[in-house]
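User: Hello! I am new to this protein and would like a friendly walk through it. Could you show it to me before we talk?

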Amino acid sequence: TRKELAAIVSGLNGTFSSGVTRDTAYLIVGSAGNDCWAFSCYGRKVEQAIKLRKIGFPVVIVHENDFWDAVEDSQAGI
């Protein structure tokens, strides 16, 4: 759940936010996706992240599976 994800991010000394701002470093995109994706639209948060990247903010868009792999690696000390 989003609440569990927030706890994991906080436990890794990150800051969880439900929105995308100029302070966003990573946007985690869930595997369930968004119904809009079927129509080549990525949803407002992804659109905002892309807009910020275009004006110079280094927002990284990460798929949920890659996030979980990184969490697992960090817990294994890799």
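**A guided look at the model**

User: Let us begin with one side chain: is F67 buried or exposed?
Analyst: Happy to start there. Buried means under 20% relative accessible area, exposed over 50% and partly exposed in between, using a 1.4 Å probe and protein chains only. Because its relative accessibility is 12%, F67 counts as buried.

User: What should I know about where these values come from, and what is the mean pLDDT of the protein?
Analyst: This is a predicted model, in which local features need pLDDT of at least 70 and side-chain atom pairs count only at pLDDT 80 or more, while totals for chains, interfaces and linings use all residues. Residues are numbered from 1 along each chain as its sequence is written, and side-chain values use heavy atoms, leaving out hydrogens and water. The score called pLDDT is the predictor's confidence in each residue, from 0 to 100. In the protein, 83% of residues reach 70 or more, and the mean is 85.

User: In what order do the elements run from the N terminus on?
Analyst: Helices (H or I, at least four residues) and strands (E, at least two) are DSSP runs, numbered from the N terminus. The protein has three helices and two strands. Their order is α-β-α-β-α.

User: Which element of the protein has the highest mean pLDDT?
Analyst: The lowest mean among the elements, 88, belongs to helix 3. At the other end, with 92, stands helix 2.

User: How does F67 pair with W68, and what is the angle between the planes?
Analyst: Rings of Phe, Tyr and Trp (its six-membered ring) pair if their centres lie within 6.5 Å; planes under 30 degrees apart count as stacked, over 60 as edge-to-face and the rest as tilted. A search of the whole structure finds one aromatic pair. F67 and W68 form this edge-to-face pair, with 5.0 Å from centre to centre and planes at an angle of 65°.

User: Which residues does L52 contact, leaving aside neighbours within four places in sequence?
Analyst: Contact means heavy atoms within 4.5 Å. L52 is itself a member of the largest nonpolar core. Its contacts beyond those neighbours are V20, T21, R22, F57 and V59.

User: How far is the side chain of T24 from the backbone nitrogen of T21?
Analyst: T24 lies in the loop between helix 1 (2–11) and strand 1 (26–29). T24 counts as buried because its relative accessibility is 14%. From a polar atom of the T24 side chain to the backbone nitrogen of T21, the distance is 2.8 Å.

User: What separation do the C-alpha atoms of R53 and R22 have?
Analyst: R53 is found in helix 2 (residues 44–54), and its relative accessible area of 42% makes it partly exposed. R53 and R22 are 31 residues apart along the chain, and their C-alpha atoms are separated by 9.4 Å.

Technical notes:
A polar contact is a pair of N or O atoms within 3.5 Å; within protein, one must be able to donate a hydrogen and the other to accept it, and residues adjacent in sequence count only if both atoms are side-chain atoms. A nonpolar core is a set of buried Ala, Val, Leu, Ile, Met, Phe, Trp, Tyr and Cys residues joined through side-chain atoms within 4.5 Å.
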